[in-house]
Every structure is written in structure tokens, then in C-alpha cells.
Amino acid sequence: MPVKLLTRPQELSLIEVLDKYPDFPYLVALKIDVQRRGVHYTEAAQAAVNPAIHQLRSPYIFGSRDGKILDLPESLLLRDGTTILTDPTPLEQDPYTVDFIDGRFALVDHGSVLEYVELWPKPLYYDKYTSSGIPMKHIISARPQRLNVMQNSYCHFWADDKGCRFCDIVNHNKQQKEEKGVPVKLNPRDVSETVREALKEKGRFTSFCLTAGSILKGKELFDLEVDYYVETLKAIGENFSTKKFPSQLIGSAFNLRQLERLYNETGLTSYTSDIEVFGESVFNWVCPGKAKWVGYEEWKRRLVDAVDIFGRGNVGTGLVAGAELVQPGGYKSEDEALDITLSEAEALAQKGVTTVYIVWVPRPLSIFKDEQNASLEYYVRLAQGLHDIRKKNGLSVDFDDYRRCGNHPDTDLSRTI
Amino acid sequence: MILLQYKALWDLMDNPESGTVIATVGSDGIPEIAEATVVHQTEPDRLYYLEWMEKSQTNINLTTSIWFDRFIKLLVFNGRHNIIKVKAVAVKNHISGQLFLNYYNEALKSKPRFDLTGVWELQIIKIESANLADEVEWHEAAHPGMIHLDRIAKS
């Protein structure tokens, strides 16, 4: 697959950003930069990987930055417990290097060792099979403290040719099914059995995250998607003695009836529906399917409705930060993007909805494949801004923090509130 | 000398009658002290603080400490006269992996009410006796001029 050589404009380096923002933690800034630029595993690092104890790349809802599905490490942990979710990235794109030095994995940039890192530990259930014969790692994938359940990997927005422009879900899952035999839709029996096995490893997991592609079908829009979630959550719940269990659902923008159903009929404790980018015209351009079927204002209204059901601090929305700057439909400057994003996040926070972001990376099987993400300084300012908004509005983000998720630099900062 | 200090510290920590207090400072400068579960393994310069609450002020302050290289202190004591003070830095927070799981499983047996949230690896910078008599003796030697005159006046 041809790889585009990215040429970045003049922007501040990691050290320069830290000089400019001395109150911003180095380890979180480093995480952001590694996510932004990706990683390359040296031969020495690859040779040191032990598949018996290290988690290799598992099925995931989105594809890798190099467009390949290889047996490389899943990802990294920094010494403060910060998770870095990052993809193997072509060398032409100037990624960080993960090397093996003096018996330890090291994060290296242009020859300098910046940090020693851990590879994610492999959970014991990864070696097991369901009674239906499927590898359990194909049913539920793991993060250092979380179980990921991706019940359905087809997104109906794509059928309408209106998939989000940064997203590669359908193309990636087709590749994942062809190359690894990963099921496109999960059977709740397999999910329940895998959860039961995962829980045998005491102390290993603190929460679930369920997510899937949007399903437009049903009596009302998204009814079938909700049906699947209810079915899957009930299967998970069979394994717990309490009605509720720590969990996050990242789904479409459901209506009040659907939200009530999810809360009342299942053990779900939090709800997230990703608006992806703030600002209506940019949203309409980046997420044409969401814009057509729900609309920007209605998406936000449904998030606010969810607060009445799940409670303040248990409802969130996610941003694919950097995608809002892609041209020609995005913001013309990082300052403009920050102003609008933080102002919209503040308005939602006042109504009890918290906003988190992930560092967007251009994936080769998405429409935005040839674009590039934002500057490190932008991501640092965004993380600080979203954290400050949470702090000001007294919003917790326990369900989506550094260990229950690990993919949001802004919630890494919220470890300290 | 240093090894003797470590041995004295370990002996004190291993005594079931001993207690430990951890002192940290928040980003707002407010100090926090808390009763602490601190254990050692075999590396002489390492201690492991077991944290039971993700949102305890100590856990929050330790995060700040590892981010901004701030010192923390421990006071290990058994009675009024057997006290050791430790200056340390937080070098790693184990939230997963074998070391964490080992302590988690141990805690399930010894402290079933508590849910271990993390194991902070602390690097010892300095060990010192904190017995008041020892400290007064040191202070008199280091700062002989700091004394009330009546204490050295002819009687």
C-alpha cells in the first residue's frame, strides 16, 4: 500500500511545548506526541516481545495507521500508569521508535531514549476458546484494566455512503474478518462465556466498554442497535451479583425511550455518544451520516437528555481531535478550532455532559487518509481546556479515566481532581 | 552504613507492631498525611506503597509527584523511640501487570474489605532516624550557636 510522506508545517517540538506550558505534565505531553506520530518497533524490540506475557494486537473497531494487521505489541504503558494507545506507523511518517535497550523496552526519538515503557500484559483468557470454538480474544479485547466488547462492526452510515470521513470501521473490519477470521457480529453467549473466563483473573479488569457501528434500522431510528446492546449487556450481567456493573456504552445518539431502556433493563452505568467534532457546519462535513439522520443540535439535545437518566458525570461525548482542522470543510486555524470546541464543551458541561478527545490519526482505509493531524501544542491546549471545564463545572469522568479507558489525554489530567 | 540503614528500616517495617505514615503535597501546596501500607521487596532502594482508593488525596498527590518530580516522606515507627524517616520519590505506578496482581491477590486474603487500586514504587533517596533525642543531638552539633543563653550560663 503506498504511504504518503507527511510534511508538517513549522510547529513546536515536545520540549518547546513543555517550556511554553510548564504546568502540563511531561508524561501526558509525551503520550499525546506518541499518539500523534505513532510508533515503529525495531527488530530488537520485536525479538524481545514474548507472546506468552505480552498482548499482541487484538481485534479492534478501527484499523492501524500502517493499514496492516501484524503480530506487533498492542501498545504501551508509561511509568505513571498512563496508557498510550498507538499504532505501528510507517517510518516515512517520522514515528517514535520502540527499541529494546539494556533489557527494557524504551521509547526513543531520533536516537534519544525518552522513557522506558511496559508493553501491555496479556490477559489469561486470550489463550482460551469459547465452547463454540472462537478464540476469546476475538470476542472481547483487553486494555490494561478494561474489557472491550465490539458487538457489531458494520456501520450503516457507510451503506448510505455517509460514513464519517476520518473513520475506517467497515473497511478495517472487512480486512480483519478476511485475515484473522474475527466475527463481524458477536453472539451474546460467546460474550457471556468470555466475560466469565476473564473475571477469573482477579484484579485484572475494572470496567467494560461496549461500542459498535451505528444501526439505523428498527421501528424508530437505532432501535435495532439498542436491541443488540441490551442483549449483550444482559449477557455480560449474568456474571455479576449486582444489577449494575462499571460499564460504558459508546453508541449512537439514542432517544429518551431508548436511553431509559438501556438504563432500566441492563447493568449499564454510563453512556457516551460521540459528536466527533464541534460546530454544526464542520460536523455536517465530517460526519454526513450523523448530520443526515440525527443532526447536530439534536445530537447534543439527546446527550443532555441522557444526563437525566444516567446522572451528571456519567454521560460523555468524544471528539476525534484534529479532524476538525482538515480542509476544505474544517476550521482554518487551531485557535479558531479551540475557541469553538471549548465553548461548545463548556455549554454541554453546564448541562452535565463531559467532553473527552482522542488524538485523531489518519488511517489509510478512511477518506481522510492523506491528511495530517494537529500540532502537539493544539492537543496540549485542548487537553488542558477540557480538563479545566470539568474542574470548573464539578464534573467527574470516572467512567472514562486513565485506567477505565486510557485514550483521552484530557482525562489523564483529571486524575488529579 | 547505607546497608545498615536499609536493614534497620526493613526490620522496623517487618515488625507487625510498627506503623507507617506517608506525607505528600498537592499541586495547591497543601500537605496530606495518611496511614500507609508500605512494603519492601529485595531491592534495597525500593519501597512499595499500596493504594486502596483511586481518589484519595494521597493518590492524587503521588500522581502530581511523579509528574513534577516532587519528594514524598514516610515515617515508620514503633513506639516513641523507634522511628525512621524516609525521603523518597515516586518512580512508577503499577496499575496492572504481575507485580500489581501479586499484591492484589495477597490483599484479597489479608484485607478483603479493600480493593487495591495501584502499587506506587518509591525510590528511597535518604533514610534518617527521627528519634527526637537523635535529632536534638544532631542539631546541637550542626548548629552550636542556636541555643538560649541561660542554658550555658553559670549557675
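At what angle do the axes of helix α12 and helix α13 of chain A cross? In this predicted model, local features need pLDDT of at least 70 and side-chain atom pairs count only at pLDDT 80 or more, while totals for chains, interfaces and linings use all residues. Residues are numbered from 1 along each chain as its sequence is written, chains are lettered from A and ligands numbered from 1 in the order written, and side-chain values use heavy atoms, with hydrogens and water left out.

The axes of α12(A) (residues 334-350) and α13(A) (residues 376-393) cross at roughly 20° and come within 10 Å. Axes here are lines fitted to C-alpha atoms over the stretch in contact, with angles from 0 to 180 degrees between N-to-C directions; helices are DSSP runs of H or I, at least four residues, and strands runs of E, at least two, numbered from the N terminus. That crossing makes α12(A) roughly parallel to α13(A), a label for angles under 35 degrees.

Contact means heavy atoms within 4.5 Å. On the α12(A) side it involves residues including A:Leu338, A:Leu342 and A:Glu346, and on the α13(A) side residues including A:Arg381, A:Leu386 and A:Ile389.

Over in chain B, the count comes to four helices and seven strands, arranged from the N terminus as α-β-β-β-β-α-β-β-α-β-α. The C-alpha trace of chain B spans about 65 × 35 × 30 Å along its principal axes. Of the 155 residues in chain B, 41% are buried, meaning under 20% relative accessible area (1.4 Å probe, protein chains only). Among chain B contacts between residues at least 6 apart in sequence, 70% join residues at least 24 apart.

Technical notes
Angles under 35 degrees count as roughly parallel, over 145 as roughly antiparallel, 65 to 115 as roughly perpendicular and the rest as oblique. Buried means under 20% relative accessible area, exposed over 50%, partly exposed in between (1.4 Å probe, protein chains only).
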